[in-house]
Amino acid sequence: MESVKTAEGNRGTGRRKSSRAQVKLVPGTGQLTINGQPGMIYLHYNPAYLSAVQAPLEMVGLEAQYDTIVSTQGGGLTGQAEAIRLGVARALCQADVMHRALLKKEGFLTRNSLCKERKKYGLKKARRAPQFSKR
C-alpha cells in the first residue's frame, strides 16, 4: 500500500487509468484543494465527481475534520476523481488502522487497473480491423 504517515499529515497515492493523485490529509475544516484550486472549481461543479472524492471521508464520518490537499496529473476528470478517492482511502488507513475494515468492505481500497488497450499493427484501433470486402 502506498501511503505515508508524516508529521504534517497523512499521505496516500491513488492511480486510475493514466491518472495519478497524491493526497495529503491534514486536520482542518473539510476543505478540498486540487492542484491549488478549490475542489468544486477543479471538478467543474460535477456532483458525481465531488461525491466520489468525498465518499471515503463520509464513510468514516470525518468529512469535517480533515482538509484534503491533492496534486493530480494525467488522464481526465473521471480518472482523476477515482484516483483521488483511492488516495484519500489510503491516507485514512494511515490515520487510523480501524478504518481499514470499513473502507475495504465498501471497495474504496481496491485499485481499478483497467486502462486503454494498445493499438496493434494491421488494425485501425486496438481491435478494430479494416473493413473486409470479398470483391
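## Reading the model

Buried means under 20% relative accessible area, exposed means over 50%, and partly exposed lies in between (1.4 Å probe, protein chains only). This is a predicted model, in which local features need pLDDT of at least 70 and side-chain atom pairs count only at pLDDT 80 or more, while totals for chains, interfaces and linings use all residues. Residues are numbered from 1 along each chain as its sequence is written, and side-chain values use heavy atoms, with hydrogens and water left out.

Let's start with charges. Side chains of opposite charge can pair when their charged atoms come close. The structure holds three salt bridges (a side-chain nitrogen of Lys or Arg within 4 Å of a carboxyl oxygen of Asp or Glu).

Lys120 is partly exposed, because its relative accessible area is 25%. Its salt-bridge partner is Glu117, with the closest N and O atoms 2.4 Å apart. Glu117 is partly exposed too, at 36%.

Glu117 also pairs with Arg127, where the closest N and O atoms are 3.1 Å apart. Both residues lie in the segment after helix H4 (99-106), so this pair ties together parts that are ten residues apart in sequence. Helices here are DSSP runs (H or I) of at least four residues, strands (E) are runs of at least two, and both are numbered from the N terminus. Arg127 counts as exposed, with a relative accessible area of 67%. Through shared partners, Glu117, Lys120 and Arg127 join into one network of salt bridges.

## Strand E2 meets helix H3

What do the side chains of Arg16 and Glu82 form? They meet in a salt bridge, 2.9 Å from N to O. Arg16 belongs to strand E2 and Glu82 to helix H3 (residues 77-95), so the pair ties together parts 66 residues apart in sequence. Arg16 is buried at 11% relative accessible area, whereas Glu82 is partly exposed at 27%.

Strand E2 (residues 9-16) also holds Gly14, which is buried at 0% relative accessibility. Leaving aside residues up to four places away in sequence, Gly14 touches Ser19, Arg20, Ala21, Ala83, Leu86 and Gly87; contact means heavy atoms within 4.5 Å. Gly14 and Arg111 are 97 residues apart in sequence, and their C-alpha atoms are 7.8 Å apart.

## Out on the surface

Finally, look at Tyr45, in the loop between helix H1 (39-42) and helix H2 (47-60). Tyr45 counts as exposed, at 55% relative accessibility.
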